[in-house]
Amino acid sequence: MKQDAALGPETARVFFALWPDEGVHKALVRAAGILHARHGGRQTRPDSTHLTLVFVGQVDEARIPDLLAMARGIQIGRFDTDFDKAECWRHNHIGCLVASETPEHLGALVKALETGLQGLGVPFDKRTYKPHITLLRKADCRQETGAASGDGKPEKENPAPEAIRWPARDFVLVKSSLRPDGALYEELGRWPLL
């Protein structure tokens, strides 16, 4: 669809992520139900649960082939991540599972994506990477167990409903379209890990 030149180029909201396999997906659905019983809120739609690697945000659609080519060149080994803590963040009302430790290859993958985006001159959400899987939005984080202060740091650590080991075998670039009932995700590319 062609855009009126006065409005500027068409853009897409995109991010790099890991997508769960069937076993991880089922475990995340169970964990979301347990966290929902603790904190209420709205559960993330099961088909959209993922682990964000780098959130790019709005990008000119003409740059998407550059992102695909950059990701194709990344050579990182496979890894497993253990999500072993549950947290509820008061500052944004998010209920999530968190990994106590970031595997070396996960950190290397995030760094490689950030370096590639910088090389392309594509802005992205740059922050200290903390692997977490959002399972609830609009959660009531006033509960003492697993609650977090305004800066997102947990006041009290809480074990995950069940520790979930996520085997990462590939990563994806996803386009996100915001809808009233939540985001709709479209996979734009997928690349294997070594």
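1. His-50 sits in the loop between strand 2 and strand 3, where strands, like helices, are DSSP runs numbered from the N terminus (E, at least two residues, for strands; H or I, at least four, for helices). The model is a predicted one, in which local features need pLDDT of at least 70 and side-chain atom pairs count only at pLDDT 80 or more, whereas totals for chains, interfaces and linings use all residues. Residues are numbered from 1 along each chain as its sequence is written, and side-chain values use heavy atoms, with hydrogens and water left out.

2. His-50 is buried, because its relative accessible area is 13% and buried means under 20%, with exposed over 50% and partly exposed in between (1.4 Å probe, protein chains only). Leaving aside residues up to four places away in sequence, His-50 touches Phe-15, Ala-17, Leu-18, Trp-19, Pro-20, Ile-133, Trp-166 and Tyr-185, a contact being heavy atoms within 4.5 Å.

3. The side chain of His-50 also takes part in polar interactions: it reaches the backbone oxygen of Ser-48 at 2.8 Å, and a polar contact of 3.1 Å joins it to the side chain of Thr-52. A polar contact is a pair of N or O atoms within 3.5 Å; within protein, one must be able to donate a hydrogen and the other to accept it, and residues adjacent in sequence count only if both atoms are side-chain atoms.

4. Arg-45 is placed in the loop between strand 2 (42-43) and strand 3 (51-60), and it counts as partly exposed because its relative accessibility is 25%. Not counting residues up to four places away in sequence, Arg-45 touches Asp-181, Gly-182, Ala-183 and Leu-184; from Arg-45 to Ala-183 the C-alpha distance is 9.0 Å, although 138 residues separate them in sequence.

5. An open sheet of 4 strands has the order 3-1-9-10 with antiparallel pairing, two strands being paired if DSSP finds at least two bridges between them. Its edge strands are strand 3 and strand 10 (182-192), each of which pairs on one side only, and the twist averages 25° from one strand to the next.

6. Strand 1 (residues 11-18) is joined to strand 9 (residues 170-179) by 5 bridges and to strand 3 by 8 bridges, with an antiparallel run in this second pair too. Arg-13 has Ser-176 of strand 9 as its bridge partner, Phe-15 stands opposite Val-174 in strand 9, and Ala-17 stands opposite Thr-52 in strand 3. Strand 1 is mostly covered, with 6 of its 8 residues buried.

7. Helix 2 (residues 64-72) lies across strand 1, strand 3, strand 9 and strand 10, running at about 45° to strand 10. Helix 3 (residues 104-120) packs on the sheet and touches strand 1, strand 3 and strand 9, its direction making about 10° with that of strand 3. For these angles, axes are lines fitted to C-alpha atoms, for helices over the stretch in contact, and the values run from 0 to 180 degrees between N-to-C directions.

8. The structure holds 1 disulfide, that is, a pair of cysteine sulfur atoms within 2.5 Å: Cys-88 is joined to Cys-141, with S to S at 2.0 Å. The link is left-handed, at -70° about the S-S bond. Both partners are buried, Cys-88 at 0% relative accessible area and Cys-141 at 3%. Cys-96 is also buried, at 0%, but its sulfur lies 7.9 Å from the closest cysteine sulfur, in Cys-88, and is therefore too far for a bond.
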